[in-house]
Amino acid sequence: MSSSIAGRADWLGDKHLQRLLGILAEGGEEARVAGGAVRNTLMGQPVADIDIATTCLPDETIRRAEAEGFKAVPTGIEHGTITVVAGGKPYEVTTLRADIETDGRRAKVSFGRDWQADAERRDFTINALYADAEGKVIDLVGGIADIEAHRLRFIGDAEARIREDYLRILRFFRFFAWYGDGRPDAEGLKACARLKEGLGQLSAERVWSELKKLLSAPDPSRALLWMRQAGVLTSVLPESEKWGIDSIHPLTRAEKDLGWTPDPLLRLEAIVPPDAARMKTLAERLKFSTAEADRLRHWALSVAVEPKTTEGELAKKLYRGDRQGFVDRLRLSLASARARAVEDTEALLEAGGFSRLLAFAVKWEKPVFPLKGADLTAIGAKPGPKLGEVLKNLEVEWVEAGFAPDRDALIKRAAEALEP
């Protein structure tokens with residue numbers, strides 16, 4: 001593999017980035033693009049964020065950036081990180097550093113000028129690559145060879161790297177899902193299994209953030225399998241222990257074949273039981289957002305739909321329940337049926353049924369009940385419990401009739417119901 005990303009990294013030619021690298025390298029200092037941008041370019045994958053490592057101390061980084069007219073925000077100055085906004089794009093600029101004290105969650109650092117020490121404090125070899133302003137790649141830990149082999153490897157001693165930050169256990173499986181091939185590195189896998197109890201020290205937000213990134217990989221099934229075998233999956237997601245992860249691969253196959261966007265929450269639903277109480281506990285434990293918790297709850301509460309269900313019957317279920325919950329159920333059912341259809345003709349018919357119902361559910365729009373309380377008071381009904389009961393019963397009739405009765409028909413029925 002070439003030790004240069006010149007010609008492959010369009011982002012490197014950005015004039016604002018080049019100017020930022022230039023001012024940070026003046027007066028005997030150095031600055032290089034670091035980490036993911038270099039890794040992804042070498043692997044032919046999209047680049048989202050661009051991070052910079054420099055020998056400039058944080059205050060000097062701020063001074064130089066502002067002198068150039070860039071905005072500098074001290075987003076993590078205690079760890080040497082300044083976010084510089086140049087040309088409307090944010091760049092995290094971090095001073096070279098070494099960890100002097102860690103507790104498995106946070107590290108105290110000292111700033112320095114040693115690129116080797118800075119590389120060796122990072123987690124994986126493929127994340128410790130640098131590139132200068134011309135695109136020359138600097139590899140101090142063997143990251144290029146590991147990229148060529150699609151191998152994920154801790155830098156140095158795996159246990160030592162994990163004890164610096166236990167989140168690296170989850171990152172090991174996340175990066176394996178995205179970039180690894182074959183079996184995970186044996187030493188890394190053993191270290192993750194031995195030190196999994198340390199995951200309990202992490203905040204729920206960090207754990208869920210990593211799990212979401214892992215579940216967003218093109219196909220996380222292999223990584224989840226190794227997580228389960230190492231006991232890591234049960235540590236962070238005990239709900240999956242007796243439910244299994246066998247549905248993940250059929251789901252990712254369906255996503256690819258049917259053009260579905262990879263959905264980390266749907267993939268989570270594939271490996272946990274549809275138990276509303278347990279899903280509530282899960283959402284609280286991992287501090288889900290309100291939208292995430294609601295979606296998980298609605299999915300768990302949505303009743304299973306048989307493949308022979310008619311669109312009319314499904315419409316009634318959708319009206320009474322949550323559409324997204326039913327869509328999730330149908331997608332998982334369709335993915336499972338498609339996987340079984342390879343050897344089971346009955347499953348092929350089921351897949352056709354689920355596909356039909358899913359298409360209907362995705363396009364379905366909830367109809368509006370055409371009757372209001374004011375319509376009943378207009379024909380002489382008195383406000384109160386009876387009026388509410390009549391409205392509720394009429395809505396049930398309307399749904400059961402396939403949403404067909406119009407406002408006039410409903411008012412006529414209301415008048416009959418309100419007769420003494």
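Angles under 35 degrees count as roughly parallel, over 145 as roughly antiparallel, 65 to 115 as roughly perpendicular and the rest as oblique. The structure is a predicted model, in which local features need pLDDT of at least 70 and side-chain atom pairs count only at pLDDT 80 or more, while totals for chains, interfaces and linings use all residues. Residues are numbered from 1 along each chain as its sequence is written, and side-chain values use heavy atoms, with hydrogens and water left out.

Helices (H or I, at least four residues) and strands (E, at least two) are DSSP runs, numbered from the N terminus. Axes are lines fitted to C-alpha atoms, for helices over the stretch in contact, and angles run from 0 to 180 degrees between N-to-C directions. The axes of helix 9 (residues 204-215) and helix 13 (residues 264-271) cross at roughly 95° and come within 8 Å. Helix 9 and helix 13 are therefore roughly perpendicular to each other. In the contact (heavy atoms within 4.5 Å), Trp 208, Lys 212 and Leu 215 of helix 9 meet Pro 264, Leu 265, Arg 267 and Leu 268 of helix 13.

Helix 20 (residues 385-400) packs with helix 21 (residues 407-418) at an angle of about 135°, the axes lying 10 Å apart. The two helices, helix 20 and helix 21, are therefore oblique to each other. Lys 386, Val 390, Leu 394, Glu 397 and Trp 398 from helix 20 meet Leu 410, Arg 413, Ala 414, Ala 417 and Leu 418 from helix 21.

The buried residues (under 20% relative accessible area, with exposed over 50% and partly exposed in between, for a 1.4 Å probe and protein chains only) of helix 10 (residues 221-229) are Ser 221, Ala 223, Leu 224, Trp 226 and Met 227. These buried residues of helix 10 pack against helix 7 (167-179), helix 8 (186-194), helix 9, helix 11 (232-236) and helix 12 (248-258). Gly 231, with a positive phi near 80°, follows helix 10.

In a regular strand the side chains alternate between the two faces of the sheet. In strand 1 (residues 31-34), Ala 31 and Val 33 point one way and Arg 32 and Ala 34 the other way, and all are buried. Two strands pair if DSSP finds at least two bridges between them. Strand 1 runs antiparallel to strand 2 (residues 51-54), joined by four bridges, and Val 33 stands opposite Ile 52 in strand 2. Strand 1 is also antiparallel to strand 8 (residues 129-131), with two bridges; there the bridge partner of Val 33 is Ala 131.
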